[in-house]
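Here is a short walk through one protein model. Keep the sequence and the 3D view side by side as you read.

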Amino acid sequence: MSEPSEPVSASVDRDAHTGLEGWQGKVFGLLCVLYAAWHLYSLNIAPLETWLFRILHILGALVLGFALSGVAVGNDKRWRNDKLEWIIAVLAGLPVLYALALTAYGVSQYWGSGTVQNPDMTFAYFGIALGSGTMLAILAGWFLRGRNGSVSPIDWVLILASIASTGFIALSLDALNLRLRAGTPFADPQNAWAAFVAMALMLELTRRVAGMALVVIATVFVTYSFLGPWLPGFLEHRGYDAKRFFSYVFTDNGILGPTTAVSSTYIILFIIFAAFLQSSKVGDYFVNLAFATAGRARGGPAKVAVFASGLMGMINGTSAGNVVSTGSLTIPLMKRVGYRPQSAGAIEAAASTGGQIMPPIMGAGAFIMAEITGIPYTELVIAALIPAVLYFVSIYFMVDFEARRLGMRGMTNEEVPKFRNLAKQAFLFLPIIILVGSLFLGYSVIRAGTLAIASAAVVSWLTPFKMGPREIIEALRNASQMSIQIISVCATAGIIVGVISLTGVGARFSSLLFELAETSKLLALIFAMIISIILGMGMPTTAAYAVAASVVAPGLIELGIEPLIAHFFVFYFAVVSAITPPVALAAYAGAAIAGAEPMRTSVTAFRVGLAAFIVPYMFFYSPGLLMEAGWLEIIRNAITAIIGVYFLSGAVQGYLMGPLGPVWRVLLLGAALCMISGDWRTDVIGILLGAGLWLKSRRETALSSAA
């Protein structure tokens, strides 16, 4: 297809943040700022009605997402044909404009008289017009692209469709009195059409910003809702018609439910916090502190990645996003001191993923778990401490063994910041201290997060990087852009949650787990692990956990497992799905920066983060690791668990005090597995076996050195 030439100008006025040129860059840049500021205002000063707030939250993400994600880039493989694009945009836009006009007319009636007169006549053909125009625009967007640096005509249609569909849903809450009828046989067909269009737009935006993995999973669940009567075994259900299904999914049982509740409050709040830390350079201080602490050690940059990614990852709600932010600095340095590209990308991916389980923020996971389980936040943070330490200690051991095996050096004194100078800037930790302190003092998450955001700006005034109005605006704009992916993913995850709630498949899954547990509880746990990982593939931590908590956790609780242990179990596996092949988003992000082959990097990341697959079984058998025991048992469990992950790391890397052969690696792995159950007898066996191998490795290394 022909591709008209595009004039190149060195003086193009392109916004550095949005990638859009001219007035579009200014308008959507301003909308980004207003979107983040509106959340802060609504959460702290003037709260809106819950459903309306969540709908506007989704609407903002759709509008900004279609404007910014549709900007054509140099490697865009879609066709370019301006005339065809405009023809399709007009054909799709006219029915969408008709639907938008009906919505606007209904809103004007509601504002004028408090009701909509004769809604069947007022909204005649609304759904068919909106649905046909939107689907045509979505399909065209798969194949056609607009001019570089501008919002394409087709994406303008999708923006208008977003306003029309969500606007109609918001109107129907009160004016058409449909809230109590949604998801029932009495649901209004036009409302179902609006919900269908909004859901299709959300899936399309998710495809653009997060890839196909989650879209495919959500589509499978949607299809399951209609094919239930023809499915075998525990998957069978009576099936639902389109009107009931779509109106049900766009309620607080689905898209507007827990996942969007969390993304519209906790997640966006901490994304704004992370943006303020970046703008004030407080985030850079965390990285520099990691360099000063671990940079001189063997394989220093890899150990820096472990510390820095743990600090930044607990704030960042996505493992892949954390890889991009800290990995751009640590991965090239790891390659410089001798790590292979795939190892460098994998270490960063594993460390960044671990940030999601690091207290006190846990990538907002702690707040979601508190919301779902009703367990106080302070208890969750304390319970998460030892497992998080085990994970990062294991990665540290993995990194150290590989550095020893390859004979790597650390960084020189000239290459790392002076710790003495950084110690003078310890006040930069104040935002984190204020956040944690406020939460433990009993402040709400919203208030504590807002105080932390404000403190990040105030602390910057004591540094050369003072945050004035311009920097605050930049931080708000960056926060909005950072939030688009996770908002769309959380809303799409809400579709899955809605299907689970509507069809009752979660309860049937619980009964299946119960049947497996009659054979072996370990087998039931392994099955729950596999399902949690599959459901989490392609999702940020928060969305992955929300889905797994709906499907898997109730089944584990049904087996008699304590809610705290059950939810931590599925949370860990939802987190490590980011480094589990074949869909390992964090590893793929690391591979892109390292210039490595993605699948090899994901396999290496799986090996480096292997402890995360073992730790949940450890705290299942040893609740002391979650502080669910007496202090003596907690201390014993923690010490033996650290010894266990030390042996596990040596077995994976094939190195202890020196290289290990295959037989000795298997024996060392056996010693590590002995430490899982927490029973003192298996602990003694594991310690004796591992200690014997350690002494053997040390003796052989000493003899080799003497020779």
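Which residues form a nonpolar patch on the surface? They are W23, V27, L30, L31 and L34. Together they have about 480 Å² of accessible area. Bear in mind that this is a predicted model.

L34 is found in helix α1, which covers residues 22–44. Its relative accessibility is 47%.

Now turn to the loops. Y125 is in the loop between α4 (119–122) and α5 (126–143). Y125 is not a glycine, yet it has a positive phi of about 60 degrees. Is Y125 buried or exposed? Y125 has a relative accessible area of 59%, so it is exposed.

M627 is in another loop, the one between α28 (611–621) and α29 (631–653). M627 has a positive phi of about 65 degrees, and M627 is not a glycine either. With a relative accessible area of 22%, M627 is partly exposed.

Finish with F401. Look for F401 in helix α16, residues 377–405. F401 is buried, because its relative accessible area is 1%, and buried means under 20%. What is F401 in contact with, leaving aside its neighbours within four places in sequence? The contacts of F401 are Y646, S649, G650, Q653, Y655 and L656. I565 gives another reference point: I565 and F401 are 164 residues apart along the chain. Their C-alpha atoms are separated by 31 Å.

How values were computed. Residues are numbered from 1 along each chain as its sequence is written. This is a predicted model: local features need pLDDT of at least 70, side-chain atom pairs count only at pLDDT 80 or more; totals for chains, interfaces and linings use all residues. Side-chain values use heavy atoms; hydrogens and water are left out. Patches are made of residues with over 30% relative accessible area and no salt bridge: like charges are joined within 9 Å, nonpolar side chains (Val, Leu, Ile, Met, Phe, Trp, Tyr) within 5 Å. Accessible areas come from the Shrake-Rupley method with a 1.4 Å probe; for residues, only the protein chains shown count as cover. A salt bridge is a side-chain nitrogen of Lys or Arg within 4 Å of a carboxyl oxygen of Asp or Glu. Helices (H or I, at least four residues) and strands (E, at least two) are DSSP runs, numbered from the N terminus. Buried means under 20% relative accessible area, exposed over 50%, partly exposed in between (1.4 Å probe, protein chains only). Contact means heavy atoms within 4.5 Å.
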